[in-house]
Amino acid sequence: MTRTLALEIAVQDPAGVRIAREVGAARVELATALALGGLTPSPATLELAVDAAGADGPEVHVLVRPRAGGFHYDADELAVAERDVRHAIAGGASGVVIGALDADGRLDVSAMARLRDAAGGAPVTLHRAIDVTADPVATLQSARELGLRRVLTSGGASAAIDGIDTLRALVAAAEGEIEVMAGSGVDVASAPKLAAVGVDAIHFSAKRAVTEDGGVRMGSASDGVGGYEVTDRDIAFAIRDALAR
């Protein structure tokens with residue numbers, strides 16, 4: 001059987017969704033603050049992203065992450081995440097991307113089941129919380145037992161290409177029962193190498209930084225008012241074309 005490699009692009013706005021549609025991506029992961037690893041986007045962002053995807057465009061999967069930092073959440077944070085999952089599905093998302101760890105750094109199975117149930121049967125992806133667990137293969141098995149659709153992972157490394165051996169082990173452990181999607185630092189050079197280990201999907205942001213210097217410091221940003229990132233059409237097409245070769 002010929003394996004079909006899916007493309008997923010991490011985007012922050014409707015413009016990114018439109019680029020993903022042009023590229024032919026199967027999905028987008030919709031988030032905000034990608035520079036922080038991604039946070040839950042606003043309801044209006046989701047609404048406009050779904051409109052941009054259209055009926056025949058990429059599926060919109062919403063990252064639900066209530067704050068930056070680690071993935072061990074208190075009761076209030078979990079309550080926020082649960083409601084955000086429900087709001088995302090009600091708002092037209094095709095699925096959600098979640099992750100919660102316990103105090104010992106293992107997958108919080110109880111919290112994950114709660115968030116999975118809040119999705120009401122929609123596809124659920126375990127995000128890169130898996131990469132900060134001590135044993136990503138064991139974490140994948142837990143995700144599989146929870147009935148999650150896929151895991152987004154760099155193989156426990158900062159960049160997926162550096163975790164390629166673990167990614168290979170994750171593909172073997174998945175046994176075709178849960179999808180393995182490689183992501184983090186994916187570029188033109190690394191994308192084909194990652195695809196070659198047998199992952200089901202490649203996740204990339206194709207982002208470009210935009211900086212502004214307002215002369216007055218805002219918050220804790222080191223560069224004045226702070227920069228931001230946008231989806232770059234040329235980078236997205238270059239990665240897609242590298243995978244097609």
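Modeller: Before we start, a word on classes: Ala, Val, Leu, Ile, Met, Phe, Trp, Tyr, Cys and Pro count as nonpolar, Asp, Glu, Lys and Arg as charged, and the others, Gly among them, as polar. Keep in mind, too, that this is a predicted model.

Colleague: Okay, pocket first. How many nonpolar residues are in the lining of the largest pocket?

Modeller: That pocket has a volume of about 500 Å³. Its lining comes to 24 residues, with L34, G37, R128, S184 and H203 nearest the centre. Split by class, there are five charged and eight polar residues, and the nonpolar ones number 11.

Colleague: What about helix 1 and helix 2: roughly parallel or roughly perpendicular?

Modeller: Helix 2 spans residues 43-53, and the two axes are 8 Å apart at an angle of about 25 degrees. The cut-off for roughly parallel is under 35 degrees. Helix 1 and helix 2 are therefore roughly parallel.

Colleague: How many charged residues does the contact of helix 1 with helix 2 have?

Modeller: Helix 1 passes helix 2 in a right-handed crossing. On the helix 1 side you'll find P14, V17, R18 and R21, facing L48, A49, A52 and A53 of helix 2. Six of these are nonpolar and none polar, with the charged ones numbering two.

Colleague: Last pair: is the crossing of helix 3 and helix 4 left-handed or right-handed?

Modeller: Helix 3 (residues 75-90) packs against helix 4 (residues 109-118) at about 25 degrees, axes 8 Å apart. That makes helix 3 roughly parallel to helix 4. As for the hand of the crossing, this one is right-handed.

Colleague: How many nonpolar residues are in the contact of helix 3 with helix 4?

Modeller: From helix 3 come L78, A79, A81, E82, V85 and R86, and from helix 4 come A111, R114, L115 and A118. Sorted by class, three are charged and none polar, and the nonpolar count is seven.

Note on methods
Residues are numbered from 1 along each chain as its sequence is written. This is a predicted model: local features need pLDDT of at least 70, side-chain atom pairs count only at pLDDT 80 or more; totals for chains, interfaces and linings use all residues. Side-chain values use heavy atoms; hydrogens and water are left out. On a 1 Å grid over the protein atoms alone, a cavity is a set of points where a 1.4 Å probe fits but cannot get out, and a pocket is an open set with protein on both sides within 12 Å along at least five of seven lines; lining residues have an atom within 4 Å of a point. Grid points are joined across faces, edges and corners, and a volume is the space filled by probe spheres set on the points. Axes are lines fitted to C-alpha atoms, for helices over the stretch in contact, and angles run from 0 to 180 degrees between N-to-C directions. Helices (H or I, at least four residues) and strands (E, at least two) are DSSP runs, numbered from the N terminus. Angles under 35 degrees count as roughly parallel, over 145 as roughly antiparallel, 65 to 115 as roughly perpendicular and the rest as oblique. A crossing is left-handed if the near helix is turned anticlockwise from the far one by less than a right angle, and right-handed if clockwise. Contact means heavy atoms within 4.5 Å.
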